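Biologist: I am new to this model and would like a close look at a single part of it, the salt bridges. Please set out where they sit and what surrounds them.

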Amino acid sequence: RDMCVSDLVNAFKVAQPTISHHLGVLRNAGLVEDRKDGQQVYYSLDKEWMRRCCCDFFGMYECCSGFFKSVKKQRKNIRGE
């Protein structure tokens with residue numbers, strides 16, 4: 001779920017500047033998305049990035065490769081690639 005910095009500070013018991021710094025690094029890397037609501041900024045995991053990462057990772061294993069290749073093919077068909 002979306003969480004603001006203060007939620008993450010409470011959840012991880014880490015100082016606010018540390019959380020903010022790490023979120024900035026993750027955002028710049030494209031791993032998290034942010035949205036502003038008033039003075040609060042809410043962060044969430046970029047779900048499409050996570051899907052691609054999981055498909056790539058599990059697709060390396062022979063037992064999973066068939067399933068994840070079909071998932072990639074379905075996504076390409078949906079996007080018209």
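Modeller: A residue is called buried under 20% relative accessible area, exposed over 50%, and partly exposed in between, using a 1.4 Å probe and protein chains only. By that rule arginine 35, with a relative accessible area of 40%, is partly exposed. This is a predicted model, in which local features need pLDDT of at least 70, side-chain atom pairs count only at pLDDT 80 or more, and totals for chains, interfaces and linings use all residues. Residues are numbered from 1 along each chain as its sequence is written, and side-chain values use heavy atoms, with hydrogens and water left out.

Side chains of opposite charge can pair when their charged atoms come close. A salt bridge here is a side-chain nitrogen of Lys or Arg within 4 Å of a carboxyl oxygen of Asp or Glu. The structure holds four of them. One of these joins arginine 35 to aspartate 2, with 3.0 Å between the closest N and O atoms. This pair links distant parts of the chain, since arginine 35 belongs to strand 2 and aspartate 2 to the segment before strand 1, 33 residues apart. Aspartate 2 is partly exposed, at 28% relative accessibility.

Helices (H or I, at least four residues) and strands (E, at least two) are DSSP runs, numbered from the N terminus. Two strands pair if DSSP finds at least two bridges between them. The strand that carries arginine 35 is part of an open sheet of three strands in the order 1-3-2, with antiparallel pairing. Strand 1 (3-4) and strand 2 (32-37) are at the edges with a single partner strand each, so one side of each has no neighbour in the sheet. Strand 2 pairs with strand 3 (residues 40-45) in the antiparallel sense, over six bridges. Within this pairing, valine 32 has leucine 45 in strand 3 as its bridge partner.

Helix 2 (residues 16-28) lies across strand 2 and strand 3 and runs at about 115° to strand 2. For that angle, axes are lines fitted to C-alpha atoms, for helices over the stretch in contact, and angles run from 0 to 180 degrees between N-to-C directions; contact means heavy atoms within 4.5 Å. Proline 17 is placed in helix 2 and counts as exposed at 55% relative accessibility. Proline 17 and valine 5 are twelve residues apart in sequence, and their C-alpha atoms are 9.3 Å apart in space.

Glutamate 48 meets arginine 51 at 3.3 Å, N to O. Both residues lie in helix 3 (residues 47-58), three residues apart, or about one turn of the helix. Glutamate 48 also meets arginine 52, at 4.0 Å, N to O. That pair too lies in helix 3, four residues apart, again about one turn of the helix. Arginine 51 is partly exposed with a relative accessible area of 45%, and arginine 52 counts as partly exposed at 37%.
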